[in-house]
Amino acid sequence: WNQAEAAKHSITANGVGNMKCTICNTEYTYSITEEKYEEACYDLLEKIRKLTIRAIEESKYDPDEIEEIIMVGGGTKLSIVKKMMEKMSGKELSYRIDPDEAVVRGAAMQGALMEHNSDVKDLVMTDICPYYIGINTLDWKDEDLVTIFTTFIRKNTVIPTKHVRRYESTPRMRKLE
């Protein structure tokens, strides 16, 4: 793991990462270029790209309205992630906030809020539900039994939240031909 982590940092700094380890008295070495690393990470990068596009679409902002892209989290320091985000946005990325420190500060604030720490008594943090939450029910449509998804909590609703809905079972026999 340490070798892989060092290689990842080396790829970002130098374009090439090297790993060396000894297993059963045999020394193994491996070298990987940034291009090969990007190829190996293609599926993950594609997932990040799609999630970024979806987040922008759901924000209802026009991409031209976005003034600054602040990168948060350790993975955003990888050169392949930086290049992809810059290419997608056409903008220079902001690192005015340390990506690792931003995550740690957020976690510390959340922890302090959960502990009801007086130092954060005026702080309000909200979280959102990332999915639609609901129930599948069966109902008749014409002569066919169909599944209907009824949403209780909409995606991006601030949580905690509460929703109450009453369902009743009404038996209905299907005509046999």
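1. In the hairpin formed by strand 1 and strand 2, where two residues lie between the strands, C24 adopts a positive phi near 50°. Strand 1 covers residues 16-23 and strand 2 covers residues 26-33, and the two pair in the antiparallel sense over eight bridges, with I23 standing opposite T26 in strand 2. Strands pair here if DSSP finds at least two bridges between them, and the elements are DSSP runs numbered from the N terminus, helices being H or I of at least four residues and strands E of at least two.

2. The model is predicted, so that local features need pLDDT of at least 70 and side-chain atom pairs count only at pLDDT 80 or more, whereas totals for chains, interfaces and linings use all residues. Residues are numbered from 1 along each chain as its sequence is written, and side-chain values use heavy atoms, with hydrogens and water left out.

3. C24 is found in the loop between strand 1 and strand 2, and counts as exposed because its relative accessibility is 73% (buried means under 20% relative accessible area, exposed over 50%, and partly exposed in between, with a 1.4 Å probe and protein chains only).

4. A positive phi, near 55°, is also found at H116, a residue other than glycine, which lies in the loop between helix 5 (99-114) and strand 3 (127-128). H116 counts as exposed because its relative accessibility is 69%.

5. The peptide bond from I159 to P160 is cis, with omega near 5°, and P160 is found in the segment after strand 6 (158-159). Most residues other than glycine have a negative phi, and most peptide bonds are trans.
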